[in-house]
Amino acid sequence: MMKFAWDNYKSFAWGKNELRPLTRNGHIGNMFGGLRGASIVDSLDTLYIMGLMDEYNDAKEWVETSLDLNSNGEASLFEVNIRYVGGLLSAYYLTGEEMFKRKVMVLGEKLLPAFNTPTGIPRGVINLGSSGTSWSWGWASAGSSILAEFGTLHLEFVHLSELSNNGIYTEKVMNIRKLLNKIEKPHGLYPNFLSPVSGNWVQHHVSIGGLGDSFYEYLIKSYLMSDKTDEEAKKMYYSALEAIEANLVQKSPGGLTYMAEWRGGILDHKMGHLACFSGGMVVIGADDGAPEKRQHYLDLAAEITHTCHESYSRSATKLGPEAFRFDGGAEATATRLSDRYYILRPEVIESYMYMWRLTHDPKYREWGWEAVEALEQHCRVEAGFSGIRDVYAQTVSHDNMQQSFFLSETLK
């Protein structure tokens, strides 16, 4: 599947950010400023791990000769960090190839102006050109920064400091953490929007799905990646998880455990596909919480992963929707047309993988295989893989986009 996705990207979209498989051309989009080749940088580690060495060498050569970091244009700090900085760091650590390190050092420096705010909480958008101006996404409430964006820099930035022997990157992300520790949190929860000017929450919307998701993931991973020395990350993670359990974790009438969203104290009984990473998160953190809670965490992780599997198995395609609900008689199904799409996302499969690794229950492998078969049947087109617009439709309609994260995450 990786070779098929890669070969078609190479044939029809080489150097662009993503492949559009139905029209057989490339897509650039506006998320990465003037940066190109997102699918290449994002795929380096997957190709290398899979032993696809010819493909990896083509990718490496493109990065060396054609990845232009002197681009003007508005880029998402978060997306550039996870796909480009993360991609280059992973490639460097896997291969020891100095060129990746040189490239990532140049790029890392271009991200620093985003932190020039009164609070040090970075804005969401950065101009990668020499001006380095930054501003907040127009749609984020009242010029606020987004928890999942400024909270998903930590792993990469610690390593930028490590490799450059320059503490500035670690300092920037530690400063974010310091502010988050200091401010009042409603019921111990972290809302999704924070003002980079005042340092206050902008509205009390809490979600383990989009806008919040990877902040929590990066807390437990920061602790684990520090060889379990980052006590602050550990404390923040387990306290956040306690607040999530107390306020957001629910059981449906049909017995499915899910994580609802919270809007100023009112629950919205909806769980996004993005929130399905949380089964994997809870299980990788099960060993390091209070010993008497270990089994509880294993059970919670298994229940959430089961619910996310149900969102897949209750659709015609056996792929899950972008969001599914637990109200008005719905159980793990999307009720709105606008929530029925699947864009090759990895989160559900990711949880299966962590659950398999940490429990060795064979059902997780079977569930993974079901997803592979569904991807092959419904998302594979003549020239690559495409997302689909309605997972409940017998006849699928493709969205003409092979997301870079399909190669860097889902297939990995």
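Trainee: Is K251 buried, partly exposed or exposed, and what is its relative accessible area?

Mentor: Start with the cut-offs: buried means under 20% relative accessible area, exposed means over 50%, and partly exposed is in between, using a 1.4 Å probe and protein chains only. K251 has a relative accessible area of 52%, so it is exposed. Before we go on, this is a predicted model: local features need pLDDT of at least 70, side-chain atom pairs count only at pLDDT 80 or more, and totals for chains, interfaces and linings use all residues. Residues are numbered from 1 along each chain as its sequence is written, and side-chain values use heavy atoms, with hydrogens and water left out.

Trainee: Okay! Which residue does K251 meet in a salt bridge?

Mentor: General idea: side chains of opposite charge can pair when their charged atoms come close. Here we call it a salt bridge when a side-chain nitrogen of Lys or Arg is within 4 Å of a carboxyl oxygen of Asp or Glu. The partner of K251 is E303, at 3.4 Å from N to O. K251 sits in strand β10 (residues 249-251) and E303 in helix α12, so this pair ties together parts that are 52 residues apart in sequence. As for E303, 32% relative accessibility makes it partly exposed.

Trainee: How do I know what counts as a helix or a strand?

Mentor: Both are DSSP runs, numbered from the N terminus: helices are H or I with at least four residues, strands are E with at least two.

Trainee: How many salt bridges are there?

Mentor: The count is 21. One of them joins E217 and K221, at 2.6 Å from N to O. Those two are four residues apart in helix α9 (residues 213-225), so about one helical turn separates them. Both E217 and K221 are buried. Another salt bridge pairs D287 with R294, whose closest N and O atoms are 2.6 Å apart. There, D287 is exposed at 52%, while R294 is partly exposed at 37%.

Trainee: Which cysteines are joined by a disulfide?

Mentor: The rule asks for a pair of cysteine sulfur atoms within 2.5 Å, and it gives one disulfide. C276 is joined to C308, with 2.1 Å from S to S. The two are 32 residues apart: C276 is in the loop between β14 (270-272) and α11 (278-284), and C308 is in helix α12. Both cysteines are buried, and the link is left-handed, with -90° about the S-S bond.

Trainee: Which residues of helix α14 are buried?

Mentor: Think of the helix pattern: an α-helix has 3.6 residues a turn, so residues three or four places apart point the same way. In α14, the buried ones are Y364, W367, G368, A371, A374, L375, H378 and C379. Down the axis of α14, they fall within an arc of 120° (taken from the directions from the helix axis to the C-beta atoms), so they line one face. On the other side of α14, R365, W369 and Q377 are exposed.

Trainee: What covers the buried residues of α14?

Mentor: Contact means heavy atoms within 4.5 Å. The cover includes α12 (294-313), α13 (347-359), β16 (380-381), β17 (384-385) and α15 (404-410).
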